[in-house]
Amino acid sequence: MEITKDILYVGVNDHDVDLFEGHYIVPEGMAYNSYVIKGEKTAVMDTVDAHFSDEWIGKVKEAAGVPDYLVVQHMEPDHSGSIKKFMDEFPETQIVSSQKAFTMMANFFEGEDFADRRVVVKEGDALDLGGHVLNFVTAPMVHWPEVIMTYESTDKVLFSADGFGRFGALDTIGETNEEDDDWACEARRYYFGIVGKYGMQVQAVLKKAAKLDIEKICALHGPVLVSNLGYFLGLYDTWSKYESESQGVVIAYTSVYGHTKKAVELLAEKLEALGVPKVEVTDLARSDIAEAVEDAFRYDTVVFATTTFNNGIFPYMREFIDSLVERNYQNKRLAFIENGSWAPQAAKVMKGMLEGCKNMTYCDNDVRIVSALNEASRAQIDALAEELAAAYK
Ligand code: FEO
């Protein structure tokens, strides 16, 4: 695939990975992107997962012959796994990366840090290929500390490392994306799962990007972004500021025997009847937690509903709240439904877990169920529904 006349796609598609990065389901597979830039000298942008080394090296040879440079933007093994094989295959090629990345290289490859073949770059450095110039931008913690991004100033292409990535193999989802909704769904799950904790660092990179004239974005995962870049940059701005993207209520629940589920269904019904713009109900025991995390960041309101369990809360809810808190969860309206047959205390436990989160608004009307719904708890659900719906009027 041609990105521009001199920039070619040489990435691979993975349909065998069961869990990306060890915990994300990827029903559409995964792409490990790599690119060749052909000036008077030739550079390859990043490698691919080690399972695809041979396929990828074949593509590089076809596109670039013997490359002059391998640029390593990020050392996570989905991109760095083929470095050693590549450098053995092309003994004259130099490797271009940050100092921190070379330290990681030695750790990943039994002390091999390519000492006599390396070019160390830092913020503001440039590498002139002749006809194309690579300008390096540091992007620490987006999403590892060694990350650099690269702006090719002739064709105005930003190589954004993991930034602007999404789940999905390109032979399934398409090579370029101009369909905004398709991109946002799996890019949002990817962002909040993988980069979500580092909003401040993403903001720093967006400020640098704002000074560049960017026509295309080539990420290490997902399709090349070729138009409507303001939309993609705008979403990253919203997400990294921890602003809610959409109005609506997420009800995330666990239910052991179905009584908490009944309460949740009743609340959802009432919210819909009261005209709440969107109501998203998620059974945490039976759905992808990363999807639930994505929704909890996307919408402005979350209702947590769970049972008291071993003097705490049900495990799936604990994992869900931990996943939010460790990603700097903030700026939401929250409500709680608790259930317990002899000493309900789930709401207190959940609030305790969330107490360090910034700028949270707690609803006045929590719901307490003692074993099963009754007149009193139904009245509490009515009151909570009215309170939540009032916020959208
Ligand atoms: Fe796609 Fe952070 O690796």
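In the predicted model, the C-alpha centres of domain 1 and domain 2 are separated by 38 Å. The contact between these two parts draws on nine residues from domain 1 and 10 residues from domain 2. Domain 1 is assigned to residues 7–240 and domain 2 to residues 246–390.

Between them, domain 1 and domain 2 bury about 910 Å², of which 52% falls on carbon and sulfur atoms. On the side of domain 1, the residues that lose the most area to domain 2 are R188, R189 and F192, which together account for 56% of what that side buries. Two salt bridges are found across the interface of domain 1 and domain 2. Counting pairs with both residues at pLDDT 80 or more, six residue pairs are in polar contact between domain 1 and domain 2.

In terms of secondary structure, the side of domain 1 that touches domain 2 receives at least two residues from each of β4 (24–25) and α6 (180–195). The element that gives the most to this side is α6, with five residues. Classified by residue type, the side of domain 1 that touches domain 2 comprises four nonpolar, two polar and three charged residues.

With regard to the protein as a whole, 13 helices and 22 strands are present, and the C-alpha trace spans about 80 × 40 × 35 Å along its principal axes. Of the 393 residues in the protein, 56% are buried. Among contacts with a separation of 6 or more, 71% are made by residues 24 or more positions apart.

When neighbours within four places in sequence are left aside, the residues in contact with G168 are E28, G29, M30, A31 and I173. By comparison, I217 lies 49 residues from G168 along the chain, and the C-alpha atoms of G168 and I217 are 17 Å apart.

Terms used
Residues are numbered from 1 along each chain as its sequence is written. This is a predicted model: local features need pLDDT of at least 70, side-chain atom pairs count only at pLDDT 80 or more; totals for chains, interfaces and linings use all residues. Side-chain values use heavy atoms; hydrogens and water are left out. Domain bounds come from an automatic or database domain assignment. Contact means heavy atoms within 4.5 Å. Buried area is the accessible area (1.4 Å probe) that two parts lose on being put together, summed over both. A salt bridge is a side-chain nitrogen of Lys or Arg within 4 Å of a carboxyl oxygen of Asp or Glu. A polar contact is a pair of N or O atoms within 3.5 Å; within protein, one must be able to donate a hydrogen and the other to accept it, and residues adjacent in sequence count only if both atoms are side-chain atoms. Helices (H or I, at least four residues) and strands (E, at least two) are DSSP runs, numbered from the N terminus. Ala, Val, Leu, Ile, Met, Phe, Trp, Tyr, Cys and Pro count as nonpolar, Asp, Glu, Lys and Arg as charged, and the others, Gly among them, as polar. Buried means under 20% relative accessible area, exposed over 50%, partly exposed in between (1.4 Å probe, protein chains only).
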